[in-house]
Each structure stands twice: as C-alpha cells, then as structure tokens.
Amino acid sequence: MTEPLIERETRGQIGIIRMQRPPVNALGHGLRVAIAEAHRDFEADPAILATVITGSGRFFSAGADITEFDTGRRQPYLTELIARFEAGEKPVIAIVNGIAFGGGFELILGGDYIYALPAAKFAFPEIKLGNMPGAGGTQKLPRLIGGPKALEVILTGDAFTARQALALGVVEAIADDEAAALALVEKAVADGLPRRRIRDLAMAGSPDELDAVAAGHLKRARGAPAPAKALEAVRKAYSTPIDEALVWERDTFLALNVSPEARAARHLFFAEREARKVTDLPADTARRPIASAGVIGAGTMGRGIAMCFANAGILVTLVEQDETRLNQALASVRATYEAARDKGRLSAEAVETRLKLMSGAVDLPALANADVVVEAVFETMDVKRAVFARLDAVCKPGAILATNTSTLDVDTIAAATGRPQDVIGMHFFSPAHIMKLLEVVRGDKTAPDVVATAMDLGRKLGKIAVLVGVCDGFAGNRMFINFNREAQILIEEGALPWQIDAVFTDWGLAMGPLSVMDLAGLDIGYHIRKARGPQTPYPFTTADRLAEAGRLGQKTGRGWYAYREGARRGEPDPEVEALILSVSREKGITRREIPNEEILHRCLWQLVNTGYQIVEEGIAQRVSDLDVIFVNGYGFPRTRGGPMFFAQETGLDRVAADIVRYHKEIGPHWKPSAHLLERARAVKA
C-alpha cells in the first residue's frame, strides 16, 4: 500500500496540510491533487477558518517535478492549484519548515501569510535551468518585497535563509518550531485574521529601478534569453493587470522551457547528479573518516586546496619546505579571506574560524596524523614520486594519499609507496577554492573505500566530483589538449588567432583558446610540450616561437596578442600574423580562408571524438560526465550543456559524418571513435 502524499490535521479553527512526498516534496501530479482536495474540504468545512500548508523533514517543497518538463503535465497544474488558494474565502498560511524552491516558493506566494522555521530556505532557481518562475513568482514576489529585491532573487537563483527572508519582508515571523508557528497562526485566526492575497498587494516604486539590478546579469547571460525575459516579467508587475501578466508569464515560461538553453540546463542538472554515482561501487561501501588534512606545496594551487578544506570545516596543515614561502602563503590566504570579508561575502567570524583551522609546517612529519594528504608540488614525475615515498614513511596507516597531478600517471606515483591501494588522484582546477570541478582519478590499485571517500569528500569541499581513470591528461585535459591542437592546426591552415577566439566567444565561451593561453602564460604549455617530447601532428610551432621570443602572454604584455599597459584584453598584433604566415610557408602549407563554422566544428568535434574514445576505453563512466567536466572546469557555457550534449543536439549522425570526412581529408588524429560511430548509427536508426 502506498503512503499518502499528505497528512491532514484539524487543530481548532485551522486545517493543516502537511506534504510528505519523499524525498523533496516535489509538486508532482499526485501531490497537487492531494493538496487541492484537502484545501477544497477545508474550504467547505464551516468550523475551519484558515488553511495551513507545511512540509515534512528538510523540505517544504523543492518545487516542480522536473521530470514532468519532458514527460508532460496533467491537471491540476500548479498554476491552477495556486488559483484555487486565491479564489477561496479563507486565508491560506504557509509554515515553511525547510527548503522552498521554485514552484514550492510560488505555492507559498499563492497564499496570504508566510511564517518560517529557522531551517527555512527560499529560492527561485529557474534561471539556472534556463528559465524563470512560471507560476506567479515574477508578479507576486515584487508585490511582496518590491521590484528590485525580487528581481535580484529571480536573476541570481540563489537560496536565502529564514533570517534573510524576514529582512527582505518575505515572512511575517520566524518561529522556533512548528508548534510555536501554529500557536502564532491560531492566535491570529482567533483575532480575526483577514484575507490578504499577495497577488492583490500594490506595487511600490518605479520600474526604472530595475535596470541597475539587471545590468550585470544581462551581461553575464551572453545572449541567453531567460534573464531578459525575467526582467520584462518584473516590469509588467508595475503596469500590467496581474491576470494578463500571469498569462504572459506562463506562456513565456513554457516557451523558455523548450528552448535550447533550458534543455541544456536540464541535461546538466541530471548529469551533475548522475556523476556522483560510481557504477561499480555498492552504495554501502565503507567510507574512511576525514577529520584532518594536509596539503603539500604552498603555491597558488596548494593554497587554494588548503582553503577548500578550511572552508569545509576540516583542520588542514599546509606544508612548504621553505619557511619564508610558507609564511607568505599563509599571509596570502589571510588576504584572500579578508578581501572576501570586505566585499561582504564572508563574515568576520567566518574568516577567523577558517584561519584557525589552517596551520603551516616546513616538513612532512607534521602530516603524520592526517586522514588525507593532497600533494600539489611541481608537475614532474620524479618530484612527485619522491614526495610519495616520504609520505609512505610518515603517514599513518589508512591515510588517503592524493596527488593533484593534472596529467601524470597516478599508478606510477602510487608505485613509489608500499600502499598503492591508498593512493588516488584529486585533480583540483585553479583557482582551487573557486572552481567547482574535482576530477577524482582512480588508479589501478586504488581501494574501493578510497574512491568512495574521495567522491564524498569532493562534495563536502563544495566540489562537483567526477570519477575518471588513468591516462595522459585523464578526461578533461586529454580532451582539451586535442581541442587546442586543432586550433593550432587551423592557424597554420589559414585562420588567425583573433578569428578563432571570436568564433568561440560568440558561441558562449568567456575567452577563446588563444586568449586563454595568453592568460595562463605561453611558457606553461611550452615546457609541458618539451617534457612530453615529439608529437604528431605538431602544430604548436608558432606558440613555441612566441614563448622562445619572450612573448609569454599577459604577464609580459605580448603573446598571441599585444596588451596595452594594464590591459586584460589584447589587440591583434601584425608581428604575430607575420610569424604565422612565415610558419605556414616553412611547412609548405597553402593558406586558405576558413569559415567560422569549420573552426567551431573542428575544435568541438575533436572534444567530442576524444570524449567518446575516453568512454570507450573506460576512462570515464558516461558521456554526460564529460559535459560536467567541461562546464565546471573549463568554462564552457551552461547554456550549451557541454560539448557532448551540443553534439547530440546537433545530431550525432552529422557529427560522425564530419569526423569521418576529417579523418580522410586531414589525417590520422581524426580517427573516429568506434563508440561514437555506434551511437550515431543507433540515433539514425
């Protein structure tokens, strides 16, 4: 027998609807029906003077059942349920016990009064799914708290607490627990609580106040439609009759819902959750306790990783063999935290708490009792193996020994120890305390509980952890190297750096691949290529000559671009163009005009073909994991869903046909992935 989706309770003059649809009280069809029936019955009962709706556990309601976006919805729709609340004769009061997101928040706004418990959280996350609120949120929240504050809530999509909700004017009061909240409601009803439909509140202020709030969001949207539509919706709250505005809002929501951006966002929503799962690990795999950590290397990466642990409330020791560099690193960490405090992103108390969790040391024995140690030293195998040999000697049994290598063989590093089962890769992305991606690299002998612990630890550190296997560059860098290589080939064939960068910024990247090289420093890639030895094809000749000439990018004022003093954006440089033409002549390449679409597809299809090879080889668990990697680690636009999803949207049969043609026309590095060809045939069939 299935459990009921709601619990009904009568308490004096109030009727209580308590949602209990695990795990998040998603407002699916069955729950909507149950709420509507209970509200109808309370409306019909003359002994009941008000209806209270609340949730159970950690959730009021996480909002709409997102699976219905693709499978179809059935009446009563959420908008119809809310309209029933508003059409009734008796007040509807929400007691928000926990998370009230999206449609759950809109359900609340369909009532009269809102009370919160301390654990309550509110958000309209639709913007992060390529959409905007569609069940009254854009019209009612502005009436409740004012247009500018409501627009900020809608455009950020970020959650805010009960205390913040009280300050914003969303809630009437915060009660210690449900019993206390019900007592407040009972008293108010006994005193003759009137109807106060939020939809009927008058708008204050001017729509001109919205522009300043929206400006930064619209710029960051890079043409994605949802932020502009959300701004338009809130504007309507000032001048358009609410029933007319609600129809427009719903129509716009439905149109946005089938947009490419929304499909991409939903893909990532599910892909990021799927990436948490390790297909060959039982759910009850033991985890190792992590109460303390060590980080070796106090450079930019090591400092960032140490901050990740402190941010998560884990004691961390930062080890740097030179005491002066160690002190400079700790001072840099303090400065970073204090800058966040000064910008209002951290409280003074949080800064001091995090700093107290971090200590420094100049030798590895300081890590003898650490539960996990992350090595972040210079990216050479000899150095890393030496560090792990010492860790093997000083760390306690059962400690997890992690390397932050971005390309090197984790199995070779593990072989420097007598406990390869305890060794794993934890590849953070720079800046580590900001970037969301963590590649967890499973070695050939890594123990299952170490894998499970590292994946869980990634989430505790605020990261999106994706499991990958050992190969040159793992998943992300192996793919990205091929992406960059194709850009270099295109430069030798006839494209110019600024054309390639423009193609990708127009597509949605914040920076093109050549601008990224200038930002990172051309010497970085130069030294990696020299260490790797000869490669075929080798189209980095121009990049190498720029590095050898001291044109290292932004830090020297010249790289692929020329930079005016203090400028972050480069300008096309005739000297670079002359060098490119010279290299093409040396290699006997007849340059040609290359269409923008060819540039886009050749670089992206290299990512896609390599990605399918990686899945085929078992380096990644699933194709969607690669989208998670590129969106969260390489700045690929969420509005595109990642390179693999973009290929699926384009049509895998078309992509495969392009790759087969490039293989014939360009060379062996375009050999099609068998897995891609198989998937393309399946799609076509």
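Reader: How much space lies in the second largest pocket?

Author: About 560 Å³. Keep in mind that this is a predicted model.

Reader: Which residues lie nearest its centre?

Author: Asn-311, Ala-340, Arg-345, His-433 and Ile-434. They belong to a lining of 14 residues.

Reader: And which elements give two or more residues to that lining?

Author: Helices α13 (300-311) and α14 (323-342). The most comes from α14, with 4 residues.

Reader: What is the lining like by class?

Author: It has 7 nonpolar, 3 polar and 4 charged residues.

Reader: Switching to the whole protein. How many helices and strands?

Author: There are 29 helices and 18 strands.

Reader: What radius of gyration does the protein have, and what would a compact globule have?

Author: The protein has 28 Å. A compact globule with 685 residues would be near 26 Å, so the value agrees.

Reader: What does the C-alpha trace span along its principal axes?

Author: About 90 × 60 × 55 Å.

Reader: What share of the residues is buried?

Author: Buried residues make up 55% of the 685.

Reader: And the accessible surface, what does that come to?

Author: About 29100 Å². Carbon and sulfur atoms account for 53% of that surface.

Reader: What about contacts: how many join residues at least 24 apart?

Author: 73%, counted among contacts between residues at least 6 apart in sequence.

Reader: Now some local detail. Where is His-217 found?

Author: In helix α9, which covers residues 210-221.

Reader: Is His-217 buried or exposed, and why?

Author: His-217 is buried, because its relative accessible area is 13% and the cut-off for buried is under 20%.

Reader: What is it in contact with?

Author: Glu-152, Leu-155 and Thr-156, leaving aside neighbours within four places in sequence. Leu-155 is also one of the buried residues of helix α6 (residues 147-156).

Reader: Which other residues of α6 are buried?

Author: Gly-147, Ala-150, Leu-151, Val-153 and Ile-154.

Reader: Why might spacing matter in a helix?

Author: An α-helix has 3.6 residues a turn, so residues three or four places apart point the same way.

Reader: What covers the buried residues of α6?

Author: The cover includes α5 (137-145), β9 (160-161), α7 (162-168), α9 and α10 (225-239).

Reader: Last one. Which residue follows α6, and what is its phi?

Author: Gly-157 follows α6. Its phi is positive, near 70°.

Note on methods
Residues numbered from 1 in each chain as written. Predicted model: local features only at pLDDT ≥ 70, side-chain atom pairs only at ≥ 80, totals over all residues. Heavy atoms only, no water. 1 Å grid on protein atoms, 1.4 Å probe; cavity = no way out; pocket = protein on both sides within 12 Å on 5 of 7 lines; lining within 4 Å. Points joined across faces, edges and corners; volume = space filled by probe spheres on them. Nonpolar A, V, L, I, M, F, W, Y, C, P; charged D, E, K, R; others polar. Rg over C-alpha atoms; globule rule 2.2 N^0.38 Å. Buried < 20%, exposed > 50% of the residue type's maximum accessible area, 1.4 Å probe, protein only. Contact = heavy atoms within 4.5 Å. Areas by Shrake-Rupley, 256 points an atom, 1.4 Å probe, with all protein chains shown as cover.
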